[in-house]
Amino acid sequence: MDKQRDFVLRTIEERGIKFIRLWFTDVVGTLKSVAIAPAEVEGAFAEGLGFDGSAIEGLTRSFEADVLAHPDPTTFQILPWRGEIDPTARMFCDITTPDGQPAVADPRNVLKRTLAKAAERGFTFYTHPEIEFYLLKSSKFGKNGPVPVDSAGYFDNVPGGTAHDFRRRSVRMLEDLGISVEFSHHEAGPGQNEIDLRYADALTTADNIMTFRTVIKEVAIEQGVYATFMPKPLSDQPGSGMHTHLSLFEGDTNAFYEAGAQYQLSTTGRQFIAGLLRHAPEITAVTNQFVNSYKRLWGGDEAPSFVCWGHNNRSALIRVPLYKPNKGQSSRIEYRAIDSAANPYLAYSLMLAAGLKGIEEGYELPPEAEDNVWGLSDTERRALGYHQLPASLDHAIQYMEESELVAETLGEHVFNYVLLNKRQEWREYRSQVTPFELNKNLEML
């Protein structure tokens with residue numbers, strides 16, 4: 001760590017960095033930033049940077065407001081969009097109390113704590129997100145809703161089009177920040193795009209997702225359009241998910257791989273899936289944290305609505321991708337419920353905790369879903385044991401508030417704050433009179 005700190009200090013001097021942004025997130029997953037001068041970095045490494053945590057959503061209570069932000073030198077990167085006039089870098093921070101204890105409400109600490117529990121069992125948790133978002137002409141909208149930048153569809157090539165240029169610029173910027181991109185393409189909705197990040201350990205992935213969102217927003221501003229990670233911005237088009245591929249490694253060995261097993265999936269992998277399935281309703285208020293999230297989950301277009309798994313079945317909540325011969329290290333599962341607006345630190349913590357619970361308790365994996373789950377009747381789904389995911393944020397809150405797993409993983413402070421925040425959102429949503437109601441009822445009643 002000392003060598004990494006020395007590298008950061010040397011790079012700041014050699015590259016003429018003028019500002020260093022210290023980044024962290026609140027409980028909802030909003031990125032927070034404070035800029036310090038180069039002369040302050042060494043002190044921030046040694047002592048942290050103090051600020052009023054009670055002013056940040058869910059971070060501390062008013063009577064324990066003082067906290068410290070400690071920059072993580074391994075996350076140092078120069079921000080490419082700031083140019084050469086005012087070169088700027090960023091580092092993610094860990095938040096502590098004045099006595100040096102990790103702040104219980106720091107989402108990054110919640111994930112580090114869960115990863116440490118996995119490490120005690122010999123596991124490293126790897127994730128690979130497929131991040132979808134919409135490009136709109138503006139954040140403003142009329143009675144017909146937001147206006148996308150194009151009318152293209154899945155994998156469409158639009159020579160000279162906005163999305164094509166946008167993705168190229170975004171990928172270059174991500175690579176400049178040390179974030180490796182695997183794929184990028186136009187998604188099914190008009191103006192909808194997807195960029196997939198390469199596998200990394202879950203903490204690095206979560207940091208990368210927060211950086212990714214900032215890059216996408218910055219490139220959109222640069223190109224005169226608007227980018228949104230809202231789960232369902234267009235009522236008649238697909239929502240934006242963040243399907244995440246998951247795997248556990250024991251050292252250099254993929255714990256999900258077993259040669260000769262069905263789908264080459266080990267007992268550990270099967271138990272991990274079983275844990276995710278059993279606890280999926282409980283974690284949905286975090287993986288899908290907004291009222292709008294449920295418009296995506298229950299809007300069709302391959303979004304999962306039922307708790308089941310399948311081999312390469314894109315209608316299932318959990319998909320086991322096709323096995324590639326001689327590539328056992330690539331064995332993995334895909335969790336398809338999480339959307340692009342989730343706080344990745346908290347969401348990945350709960351996904352890992354649910355899977356580990358399945359391993360610890362030896363959960364049995366139910367039979368796989370072989371058919372299109374959306375095409376079955378309710379009677380058929382019940383007969384097959386496919387339970388529903390929560391149908392609304394209110395429904396998800398009810399599952400979460402009864403969950404020992406979620407409470408233990410998030411910790412009391414974060415658990416209570418998330419519930420408080422989500423209940424308030426549901427109350428505000430429920431109390432409004434919508435255009436649907438006015439159009440449907442005003443003249444008729």
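Domain bounds in the present description come from an automatic or database domain assignment. In this predicted model, the protein chain is divided on that basis into domain 1, spanning residues 1–101, and domain 2, spanning residues 112–439. The C-alpha centres of domain 1 and domain 2 are separated by 28 Å. Across the boundary between them, 21 residues of domain 1 are in contact with 22 residues of domain 2. The area buried between domain 1 and domain 2 amounts to about 1,800 Å², and carbon and sulfur atoms give 61% of this area. On the side of domain 1, Val27, Val28 and Trp81 supply 35% of the area buried against domain 2, more than any other three residues.

Three helix pairs were examined in turn. Two packed helices are described by the angle between their axes and the distance between the axes. Helix α8 (residues 344–361) packs against helix α6 (residues 267–287) at an angle of about 140°, the two axes lying 6 Å apart. Angles over 145 degrees count as roughly antiparallel, and α6 and α8 are therefore oblique to each other. The crossing of α6 past α8 is right-handed. On the α6 side, the contact comprises Thr268, Gln271, Phe272, Gly275, Leu276, His279, Ile283, Val286 and Thr287; these meet, in α8, Leu346, Ala347, Leu350, Met351, Leu352, Ala354, Gly355, Leu356, Lys357, Gly358 and Ile359. Classified by residue type, the contact of α6 with α8 contains twelve nonpolar, seven polar and one charged residues.

Helix α8 is also approached by helix α5 (residues 202–222), whose axis comes within 9 Å of that of α8 and crosses it at roughly 150°. This angle makes α5 roughly antiparallel to α8. The crossing of α5 and α8 is right-handed. From α5, the residues Ala202, Leu203, Thr205, Ala206, Asp207, Ile209, Met210 and Arg213 meet Pro344, Tyr345 and Tyr348 of α8. The contact of α5 with α8 consists of eight nonpolar, one polar and two charged residues.

The remaining pair is formed by helix α10 (residues 393–401) and helix α12 (residues 412–431), which pack at an angle of about 155° with their axes 10 Å apart. With this angle, α10 is roughly antiparallel to α12. The crossing of α10 and α12 is left-handed. In α10, the contacting residues are Leu393, Asp394, Ile397, Met400 and Glu401, and their partners in α12 are Phe415, Val418, Leu419, Lys422, Arg423, Glu425 and Trp426. Seven nonpolar and five charged residues, with no polar residues, take part in the contact of α10 with α12.

How values were computed
Residues numbered from 1 in each chain as written. Predicted model: local features only at pLDDT ≥ 70, side-chain atom pairs only at ≥ 80, totals over all residues. Heavy atoms only, no water. Axes fitted to C-alpha atoms, helices over the stretch in contact; angles between N-to-C directions. Helix = DSSP H or I, 4+ residues; strand = E, 2+ residues; numbered from the N terminus. Parallel < 35°, antiparallel > 145°, perpendicular 65-115°, else oblique. Left-handed = near helix turned anticlockwise from the far one by under 90°. Contact = heavy atoms within 4.5 Å. Nonpolar A, V, L, I, M, F, W, Y, C, P; charged D, E, K, R; others polar. Buried area = accessible area lost by both parts, 1.4 Å probe.
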